[in-house]
Amino acid sequence: TAQMLLGNMDEAAARFGAILKKDPGYAAAHYQLGKIYLAMGWMDSALVHAQQAWRIDEENCWYEILLAKTYERRQDGKNLTATWEDIVKRHPEEMGYYYELSNAYLMTGRGAEAVEALDRLERRYGVTEDASIQKQKIWLAIDKPDKARKELMRLAEAMPSDNRYNAVLAETAMSYLDIGVKLPDTSLGRMLSESQSYFFSAPWYALSAGLTIVLLILGVGLI
């Protein structure tokens, strides 16, 4: 470990390799070798040792997380999502693991399942700003502006005392229904409403309005 801290990966790998020659079942040595090979970009060797560490001690979440990171680097989406699903199942109390699972689904182009992973988080802990905003971003990224807007409404309902969300929703809803800002002035709600007619021919029209709403909330939240 000291050699790893000093940046001497080859020496560290040699030392852990020597340990494994004496004790092939030493999970911690496999784990450290997996980390070293992952850092060095030796994906096949990293996978072998990450898998071995976890097989020896399946109760150690750090071994399985290393396995997930190795699958991520190898762009193995099927095993990546399956591993994070197992980690969340084993450790449902860890909020950060739900975000990792969501990101894993995003990497494999499964946006709806990425949102569902965050829904599971909120079913356990209640509505959270971070998860809700992440879901809004995902819906926009997969061309679902209406679902992003509904998620914003859900966040506003869950946090009625927070005027940031209600202010944006009020303006958006009024303009969307054509009872707010009038022409020739424009608004986000009007843009979102008018974009529905062009969704299939020019989807970026709706996405730009929806994404602006999300970014506006994020920006106000920093004030």
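At what angle do H8 and H9 pack, and how far apart are their axes? I noted first that this is a predicted model. I got an angle of about 170 degrees for H8 and H9, with the axes 10 Å apart. Angles over 145 degrees count as roughly antiparallel, so H8 is roughly antiparallel to H9. Their crossing is left-handed.

Next I looked up who makes that contact. From H8 I listed Gly111, Ala114, Val115, Leu118, Asp119, Leu121 and Glu122. H9 brings Ala131, Ser132, Gln134, Lys135, Ile138 and Trp139. Sorted by class, the contact of H8 with H9 has seven nonpolar, three polar and three charged residues.

Then I turned to H6 (residues 77-90) and H7 (residues 95-107). They pack at about 165 degrees, axes 9 Å apart, which makes H6 roughly antiparallel to H7. H6 passes H7 in a left-handed crossing. On the H6 side I found Leu80, Thr81, Trp84, Glu85, Ile87 and Val88, and they meet H7 residues including Tyr97, Leu101 and Tyr105. The residues of this contact of H6 with H7 split into ten nonpolar, one polar and two charged.

Last entry: which residues touch the most other members of the largest nonpolar core? Of its 43 residues, Trp84 and Tyr97 do. Helices that each supply at least two residues of this core include H2, H5, H6 and H9. I also checked Tyr97 on its own: leaving out residues up to four places away in sequence, Tyr97 touches Cys61, Ile65, Trp84, Ile87, Val88 and His91.

How values were computed: Residues numbered from 1 in each chain as written. Predicted model: local features only at pLDDT ≥ 70, side-chain atom pairs only at ≥ 80, totals over all residues. Heavy atoms only, no water. Axes fitted to C-alpha atoms, helices over the stretch in contact; angles between N-to-C directions. Helix = DSSP H or I, 4+ residues; strand = E, 2+ residues; numbered from the N terminus. Parallel < 35°, antiparallel > 145°, perpendicular 65-115°, else oblique. Left-handed = near helix turned anticlockwise from the far one by under 90°. Contact = heavy atoms within 4.5 Å. Nonpolar A, V, L, I, M, F, W, Y, C, P; charged D, E, K, R; others polar. Core = buried A, V, L, I, M, F, W, Y, C linked by side-chain atoms within 4.5 Å. Buried < 20%, exposed > 50% of the residue type's maximum accessible area, 1.4 Å probe, protein only.
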